[in-house]
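Please find below my comments on the model under review. They are set out as numbered points.

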Amino acid sequence: DDIEEKILSPLSYIRELETKWILEFDLPLVNKEDISITFDEGNIITVEAKLRETYCDLNIVPKCEFHYFKKKITLPGSIDEKKITSTFSNGRLTISVPKVFRGHKIKVE
């Protein structure tokens with residue numbers, strides 16, 4: 001978390017499947033239209049989201065208020081950036097990131 005900039009790092013979960021990466025982010029207190037996802041050089045995916053209400057963490061002294069979520073994740077390998085998709089439901093953002101395969105299958109006879 002970035003206390004000075006009032007930015008929270010959301011909980012996230014990353015799964016690697018054979019053909020794609022699945023990234024999941026918990027974004028409570030966020031509306032779908034306030035989410036921004038970018039894909040940059042170096043396979044960096046950045047998720048930013050504005051909270052619809054200020055979140056106060058009473059465990060931090062002095063009391064701190066947060067207004068945004070932000071997280072950057074770097075994925076290895078080749079990514080098919082034009083086929084990245086995302087969904088948002090019940091406070092959970094899911095991003096599907098297809099891998100690019102170079103080569104072809106060889107049939108065994």
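**Strand pairing and selected side chains**

1. Five bridges connect strand 2 with strand 3 (residues 20-26), and the two run antiparallel. Strands are DSSP runs (E, at least two residues) numbered from the N terminus, and two strands pair if DSSP finds at least two bridges between them. Within this pairing, Ser12 stands opposite Phe25 of strand 3.

2. The model is predicted: local features need pLDDT of at least 70 and side-chain atom pairs pLDDT 80 or more, while totals for chains, interfaces and linings use all residues. Residues are numbered from 1 along each chain as its sequence is written, and side-chain values use heavy atoms, leaving out hydrogens and water.

3. The open sheet is formed by four strands in the order 2-3-8-7, with antiparallel pairing. Its edges are strand 2 (12-16) and strand 7 (85-89), each of which pairs on one side only. Neighbouring strands are turned by 15 degrees against each other on average, direction ignored; the axes are lines fitted to C-alpha atoms, with angles from 0 to 180 degrees between N-to-C directions.

4. Lys99 lies over the face of Trp21, 5.3 Å from the ring centre. The criterion requires NZ of Lys or CZ of Arg within 6 Å of the ring centre and within 35 degrees of the ring normal.

5. Where is Asn43 located? Asn43 lies in the loop between strand 4 (30-40) and strand 5 (44-57). Asn43 is buried, with a relative accessible area of 15% (buried means under 20%, with a 1.4 Å probe and protein chains only). Beyond four places in sequence, Asn43 touches Ile73, Thr74, Leu75, Pro76, Gly77 and Ile79, contact meaning heavy atoms within 4.5 Å.

Definitions and conventions:
Buried means under 20% relative accessible area, exposed over 50%, partly exposed in between (1.4 Å probe, protein chains only).
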